[in-house]
Amino acid sequence: GGDGALCAETEACDDGYTDACGTCNATCTGAGAGSSCGDGALCAETEACDDGYTDACGTCNATCTGAGAGSSCGDGALCAETEACDDGYTDACGTCNATCTGAGAGSSCGDGALCAETEACDDGYTDACGTCNATCTGAGAGSSCGDGVLCAETEACDDGYSDACGSCNADCSAAGAGWSCGDGVQCPEGEFCDDGYTDACGSCNADCTAAGTDSSCGDGALCPETELCDDGNLSVGDGCSDLCVPDEDSGGNPVDGSGGDEDGGLPTDGSDGGPASDAGIDASVGVPDSGGGLPDGGNTGDGVLSMTDSGAAGSGPIDSDPDPDSDSDEDGGGGSGGGCGCRVAGARTSAFHWLFGPVLVVGLVLRLGRWRRRAVR
């Protein structure tokens with residue numbers, strides 16, 4: 001039996017095979033068991049192959065009539081003959097491992113390892129900022145230095161300010177420079193104010209945490225922010241004025257007359273050798289101190305001029321001129337018409353007399369110029 005030639009005398013059937021499947025059993029005594037594609041039992045009479053599966057992949061196609069399409073791990077199509085799983089990826093994470101032979105390692109959002117099967121992104125953090133959101137399902141919100149929210153992916157720190165002071169620097173990449181109360185630079189993170197001083201007065205208090213107590217001129221407590229001096233009163237002329245600035249005259253000198261005029265002017269107390277007002281000759285140049293009046297006696301001390309007028313300018317000289325009624329004295333004196341009240345010692349027409357006259361005029365002009373400048377100041 002099994003030769004495919006039916007011998008009626010001895011065989012009920014003969015399908016040409018000696019197996020039990022097909023149309024004839026193995027002994028050719030009766031009908032065979034037929035065949036079932038995908039049962040893994042090859043029935044040569046009806047099947048070209050049978051890999052035990054009814055799919056097109058693997059070694060046999062779905063109808064067992066020819067070779068199968070094989071399989072490819074990571075294509076997402078499970079080929080049961082050759083794969084235990086196929087999650088569509090060839091990585092170790094997710095539901096299937098990299099060779100499709102067993103379960104995958106799964107995934108963990110925030111571990112920085114992107115598992116494409118389960119994650120859209122993974123920036124290594126489980127916060128909403130940065131490049132990936134907190135569940136790794138979409139883009140993150142990014143970050144903004146100075147918003148006070150630390151985004152670990154892009155910021156080393158964030159103190160809520162975009163300045164270089166405080167606990168974080170201006171670009172949130174490193175520690176800030178801190179702050180120092182009294183340096184005049186307000187650091188908002190640690191200071192309410194900073195007036196440049198560490199005292200309680202002024203616009204800021206001593207530890208820069210609140211407004212200062214301001215200051216009151218004349219209370220005897222110097223507040224450097226607003227006062228140059230404070231002698232405890234509001235008097236003027238005692239060294240500190242009622243505005244708490246040093247008392248000074250128009251020339252920049254203390255009003256108490258403790259120093260001479262720096263511009264060469266005369267002190268008001270006559271301490272430079274001349275009287276305080278139109279009372280005499282400046283010892284340096286022999287001209288009046290102020291007001292334009294003539295000296296009331298005395299001379300320059302150089303033996304050149306003899307001052308005999310005992311009154312103001314214009315009162316007439318008192319001298320030894322042999323012609324007292326004349327108004328044409330060569331020494332500049334005049335009768336009742338007025339004159340300087342001075343004369344040259346010795347001969348009236350000496351060469352020294354003519355030489356000293358221009359010098360005296362120049363000195364007087366220079367002095368008048370100084371008086372005018374002082375008056376302008």
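I started with Cys-165 and Cys-187: a disulfide joins them, S to S 2.1 Å, in this predicted model.

Asp-159 is placed in the loop between β8 and β9. Buried or exposed? I found Asp-159 at 13% relative accessibility, so it counts as buried. Its side chain has a polar atom 2.9 Å from the backbone nitrogen of Tyr-161. The side chain of Asp-159 also reaches the backbone nitrogen of Cys-168, at 3.1 Å.

Then I went back to cysteines. How many disulfides does the count come to? I got 19. One of them pairs Cys-37 with Cys-64, sulfur atoms 1.8 Å apart. Cys-37 is in the loop between β2 and β3 and Cys-64 in the loop between β3 and β4, so this pair ties together parts 27 residues apart in sequence. Its S-S torsion is about 90 degrees, so I wrote it down as right-handed. Cys-37 is partly exposed at 24%, while Cys-64 is buried at 0%.

I checked Cys-181 and Cys-208 too: they form a disulfide with sulfur atoms 2.0 Å apart. The torsion there is about 85 degrees, so that one is right-handed.

Leu-228, Leu-243 and Val-245 make a nonpolar patch of about 310 Å². Val-245 is partly exposed, at 32% relative accessible area.

Key
Residues are numbered from 1 along each chain as its sequence is written. This is a predicted model: local features need pLDDT of at least 70, side-chain atom pairs count only at pLDDT 80 or more; totals for chains, interfaces and linings use all residues. Side-chain values use heavy atoms; hydrogens and water are left out. Patches are made of residues with over 30% relative accessible area and no salt bridge: like charges are joined within 9 Å, nonpolar side chains (Val, Leu, Ile, Met, Phe, Trp, Tyr) within 5 Å. Accessible areas come from the Shrake-Rupley method with a 1.4 Å probe; for residues, only the protein chains shown count as cover. A salt bridge is a side-chain nitrogen of Lys or Arg within 4 Å of a carboxyl oxygen of Asp or Glu. Buried means under 20% relative accessible area, exposed over 50%, partly exposed in between (1.4 Å probe, protein chains only). Helices (H or I, at least four residues) and strands (E, at least two) are DSSP runs, numbered from the N terminus. A polar contact is a pair of N or O atoms within 3.5 Å; within protein, one must be able to donate a hydrogen and the other to accept it, and residues adjacent in sequence count only if both atoms are side-chain atoms. A disulfide is a pair of cysteine sulfur atoms within 2.5 Å.
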